Amino acid sequence: MARQPKQTDKGTSVLPQPRLAARLAWRLGRRQGQWIGASSTVFVAGLFTMAMFIALSTLSLSGAQEADRDLGRFDALASAEMTLPPGSKTPAPAMAGAAQQAGANESAAFLTALDVQLAVTPARNVTLLEGQWKPNPYPDVYELTAGRWPQQPGEVVVADPGDIKAAAGQTLTVLGDVRLRVVGVADNHYAKTSALLAAPGTWSSLAPKVAEGYPSLAAQPYLLWTGGPEQAVMDAVTKALTSYSDGSSSQEAKGGPELLPGPPTLRTQLETKAADYWIEKSPAGYAIPAILVPLGAVLLMFGLVDRRLRRTTETMVSLGLRPATTVAAVSFACVAWCLAAATAGAAAGVATGWALRPLLAYLQDRPVGDVEGITDAATQLLALVAAAGVLTGAGLLLARRTRSEQPHPTTPPAHQLQAKNPRKKSAATVVRDVRQLAALGVWCVCMVYTATRLDTPSEGMFLTALITAAVVLTLPELFGLATRLLTERDARRRLARRQLQADRRRAQAALAILTVIIGASLGMLALLDTLVRSSENTVQPEVLPGQVLLAHRASSAFAPPERMLTVLKESKVLEGLPQVELHRLSKESVDEIGPVPSTTRQGNNGGILAVDSPDDVPVLTGRPLTADQRALLNRGGLLVWADRDNAPPPEGQPTRLVVAEDDRILTETPPLPSKPLELARTGWRAGTDGILLVDTARRLDLPIAVRGPIMVADADDGQDARVQQILQDHAIDARAAYIYVEPEPPVPDTALYVSAAALALLALFTVLTALRGQTRALKTYIDSLIALGIPPSWGRHIILWQYAVLLGTATLLGLFIAIVPTVALATQIPDFRLSIPWGQMSLLLAILALASVLAATRSTLALRR
């Protein structure tokens, strides 16, 4: 009997031949011209990933840098839970001595006071640090740029003076009439806020009466040390603090260990922290793109070589090779080029990131962070690229196996019936079903995440990633819808549409990477603009221009000190100006802050204010009342701030007030007529909901504060600054007179701007590389049309129509990915103001469209004319 030939080489085996596949992959991969263009997107992905890792690490302080900033040249820090009024004897020497007696090799104790007021208007507070500065305890923080370190009580060095007009040899006035001698100027490398570095004994040299005008002024001691058993040092210092006495009054405390609560802050703990603050806080800048961008780039590369893969596979199978071997060979070559491009991109990204470090240091004006973990980030990138390539190749192998198992049209009917099994799904159907179920699951996760976890901007970035994943999983259906919308009104659009449908894997891969990148860049722009606008709502002046609010320094809600009112009355600086006293409908005061009976609107937490007459309201709001509003107040109604939650409509509606104490409702009023009141956002009305008349509050038997802050209007021509100056001259805290100060515009962190700019550049480069790759992939198809006599202009039109479909669909999906998380953030987070930067987004999209047109024009110039 004749020997039958082996059937395994005819394409029936599903297992590749590894050695043969490797040799074929080597030969295929040596054809650089056909791979370089396809792998350019992977190169860009690697460059972006590593450059952003270095950039965000640069903008984040490392653990060692935080240790140098907080601990100086010491190894441990502990803060004492005690406050020292001005003029108190300092426990710093006793703390440092006790630490050394307990075994510390070196120790230093400091006092820190946060509210030392400069004699300037508008009134401004700075931090005072008192200690031994000559030994240079913070060598990496403070750099002496002029003069010398302070040594005698009353001597100070001004760190980052800014607008403080104090040079070495001059006198600096603080706390009314306290004179300090400036002996030097220093630069703080980690912060650009002014501070006073004082010599030991400066705090004790202050007159105790300073506390009368500045009741919130106090200093707190802390200890730095190196060496010695930690617990022994803590116990010894606690004992020294417990027995501390300033001579006139004992500072002994009950429960002594609470004076120095532990554990201390240790250098070893801080140094273990990596410089990943912005990597964690801004996942849209690195963590999310580091996964999505390389994945999309690998899929795009496989899509661009898909037609070549199929032609090569058919040729090799016709020569007798196994389909699995040919698919494996092309996949190995593709994965190898992906890894080579990712490696080159990672190297270029590292070089780019290091080149940007000086610029980033200049932008943030502080030391750059130490970059740690570059090897791990590069390894993660290459592993992700390799895994994505292997899985994609396995998917292609599975798809090829499915096609090879389909019966040939010439197969006899009996064999054809035997080959078909209605209960057995094809691999493509299984993959489609799994993908659709995964998409449904991700959409469900998005809804649950929005309802339960969405309360910070970083979580909004993760929601963007989830929506991106859900959209990408739904892309085949969305792509089919987009191609159906491309009508076949003429032959060129018909050819463009049918070519997209015939080569859908390439088109879907390009659409996926474009959607991911455009969605990420637009989403970052929307989030950044929303953060800026939301910050503007929180940065607001205390009062309107020309107003002065006389209140307590602890809070603008409480009445001013009597001494302050007496001084201002004697100066006659406010004589003849409109003045209104505000009464809170609450028993809360500076000395008793709760729980006390307080009045609120039903269902709201904001407090209610009361004034004596409707004529007092314009003094607060800066605008006159309407006749309806005035009549409503006179008949016992309530005016509610129009920007508060559940504010009444313009036509008004009844509103109930409730008196509650510690979440327990005491009384409830009958419905009161209410209308909205428009007024500017200012600090004095924070935590309040509306206003009514004192007579109405008394008639309803509501709790009323006996005294309250006083609002003064029409303090123009520098009268408001004059009020603060008079208070400073009498050694009274001038910030108890709240005056208008232009708020500084909110400036988002540099890392957010860097992320937004990098994503925009990534979108531009991705569009250019992806669309040019599409043109190269279509060149053979267009050349074949031209060979048939079709004009070259038709080829250009086909390419442009495909560009329009891909870029248009990606833009719409990108807008969806960008806007939905931003809207969800605005609805879930209180005081989060929705702001979509249509202008900036339109500009970015216009640049991308122009870049795509230029790329198409340049690419199609090579077509035969």
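1. Helix 17 (residues 475–485) and helix 18 (residues 491–502) have axes that come within 10 Å and cross at roughly 165°. Angles over 145 degrees count as roughly antiparallel, so helix 17 is roughly antiparallel to helix 18. The crossing is left-handed. Note that this is a predicted model.

2. Which residues of helix 17 meet helix 18? They are Phe-479, Thr-483 and Arg-484. On the helix 18 side, the residues are Arg-497, Leu-500 and Gln-501. By class, the contact of helix 17 with helix 18 splits into two nonpolar, two polar and two charged residues.

3. The contact between helix 10 and helix 19 can be read residue by residue. Helix 10 contributes Leu-292, Val-293, Gly-296, Ala-297, Leu-299, Leu-300, Gly-303 and Leu-304. Helix 19 meets them with Arg-505, Arg-506, Ala-509, Ala-510, Ile-513, Val-516 and Ile-517. By class, the contact of helix 10 with helix 19 has eleven nonpolar, two polar and two charged residues.

4. Four strands make an open sheet in the order 12-22-11-23, and the pairing is antiparallel. Strand 12 (579–581) and strand 23 (737–739) stand at the edges. Each has a single partner strand, so one side of each is left without a neighbour in the sheet. From one strand to the next, the twist averages 20°.

5. How many bridges join strand 11 (residues 548–550) to strand 23? Three, and the two strands run antiparallel. Within this pairing, Leu-550 has Ala-737 of strand 23 as its bridge partner. Helix 24 (residues 719–729) packs on the sheet and touches both strand 11 and strand 23. The direction of helix 24 makes about 150° with that of strand 23.

6. Glu-81 sits in the loop between strand 1 (76–79) and helix 5 (92–101). Is Glu-81 buried or exposed? Its relative accessible area is 51%. Exposed means over 50%, so Glu-81 is exposed. Tyr-222 is 141 residues from Glu-81 along the chain, yet their C-alpha atoms are separated by 9.0 Å.

Key
Residues numbered from 1 in each chain as written. Predicted model: local features only at pLDDT ≥ 70, side-chain atom pairs only at ≥ 80, totals over all residues. Heavy atoms only, no water. Axes fitted to C-alpha atoms, helices over the stretch in contact; angles between N-to-C directions. Parallel < 35°, antiparallel > 145°, perpendicular 65-115°, else oblique. Left-handed = near helix turned anticlockwise from the far one by under 90°. Contact = heavy atoms within 4.5 Å. Nonpolar A, V, L, I, M, F, W, Y, C, P; charged D, E, K, R; others polar. Pairing = 2+ DSSP bridges. Buried < 20%, exposed > 50% of the residue type's maximum accessible area, 1.4 Å probe, protein only.
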